[in-house]
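Welcome to this short tour! Open your viewer, get ready to select residues, and follow the stops one by one.

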Amino acid sequence: MIINLWYVAEWSETVKDKPVKTKVLGQDLVLFRDLTGKVQCLANVCLHRGGSLAGGWVNEKRDCVVCPYHGWEYDGKGKCQKIPSEGKDFTVPPRFRVDAYPVEERYGMIWVFMGDLPEEERYPIPDLPQYGDPEWRGLPAEYTWNAEAARVVENGIDIAHASFVHPVFGYPSTAPDNYIDNVEKHEWWGRSTNVMFPPQLKGGFLGWRKLIRKDKQETRVHPEWQLPGMVVRIQIDLRPGWQIVMFDANTPVDEHTTRTFAWQFRSFMKFKIFDKGSHKRLVTILEEDARIVEAANPYYLPETLANEVSVKSDKFMSTFRMARRKLIEEKGWHIDLDKRDSFKGRTVLTVPSPARREARENGQKWVFDAMPTIPPVKEPQALKAFEKEVVGLTTDSANSNESIVD
Ligand code: FES
Ligand SMILES: [Fe+2]
């Protein structure tokens, strides 16, 4: 699990007038909507005796969440503003502060920045131009996996599995014909173009969906990964003017659970009457994937390529692994799970927030200890070996038209 990235913490519509508890990167969070309508996000733990803030309420002025234990009030910056037991004239010391995380609402989702980077250093929230565009019909969906988020992302951008796992996307017999046409790779995102030959579609009133495309008709599929939000976006060009865009934000709730906040957009058949069928097909695809991903071994995405083998059709997935490894080995952003577990039940650990960083720079103390992270590697040998193999995969292909950008 990686800190210093934006993640989706909840749907916007879930956070109304009461505090809402959620979890990201194994850390409990409380979300509340203040008087201005802005969502605030704090570590869900009271400084006093560890009360769960989400079990409380929003105060009358609607600028603080109130701890249900002794009524301490915290504003959106995590500052304790009121301690009822101490009387009106009591001045709360500035040190009485919990971690508060930056929040942005986009696409009906609440995005939370789980880290302490200053604003200008944060990778941006991925774009979703189809959201709110009347040319597209959007459907939200949600799915929870018993799997690590990185495994979920890798599955989402892996086109070769489609012929075997998803009957709607491919035949095993056409697997050799599918190919990656283009790979574009950046620091925090990558995109590829794939050519596939899927079956004719089924269903619809009087079977109308079969008219969308012919059997085994050449179809372009563009998967994309983004490190912020662990987003997978897939664009499928069914026929000219007929496209589907799937946007999945894969939130690591903890290292065993991934909550996918999804939108599916279509540029055709935009009437509501077609939503039910679309939603059902989307959930079927997620269930087909989950059966495979939840049973994969090892549980976590391998740290190197040493104990598995890769082939040309894995090259786009490898660009994601590589970019993720860089965050781990060069930036030191991976939570040290073993160390964290050694404190379990005894010490509160929170993902560092921007205010904590400022406090540290000003020589001020912070009450809660920081979530431990694995330090950057001084001699990233594994990363180098990995890079060599990935570069081999991404450059050594006969039928591809590469544009690798670093
Ligand atoms: S534990 Fe929160 S006010 Fe005492
Ligand atoms: Fe899949």
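Start by colouring two pieces of the chain: domain 1 covers 6-121, and domain 2 covers 137-322 + 386-395. These bounds come from an automatic or database domain assignment. You are looking at a predicted model, where local features need pLDDT of at least 70, side-chain atom pairs count only at pLDDT 80 or more, and totals for chains, interfaces and linings use all residues. Residues are numbered from 1 along each chain as its sequence is written, chains are lettered from A and ligands numbered from 1 in the order in which they are written, and side-chain values use heavy atoms, with hydrogens and water left out.

In the contact (heavy atoms within 4.5 Å) you will find 14 residues from domain 1 and 17 residues from domain 2.

How much area is buried between domain 1 and domain 2? The value is about 1200 Å², with carbon and sulfur atoms giving 66%. Buried area is the accessible area (1.4 Å probe) that two parts lose on being put together, summed over both.

Now select Tyr7, Val8 and Trp11: in domain 1, these lose the most area to domain 2, together 42% of what that side buries.

Across the interface of domain 1 and domain 2, the rule finds 1 salt bridge.

Note on methods
A salt bridge is a side-chain nitrogen of Lys or Arg within 4 Å of a carboxyl oxygen of Asp or Glu.
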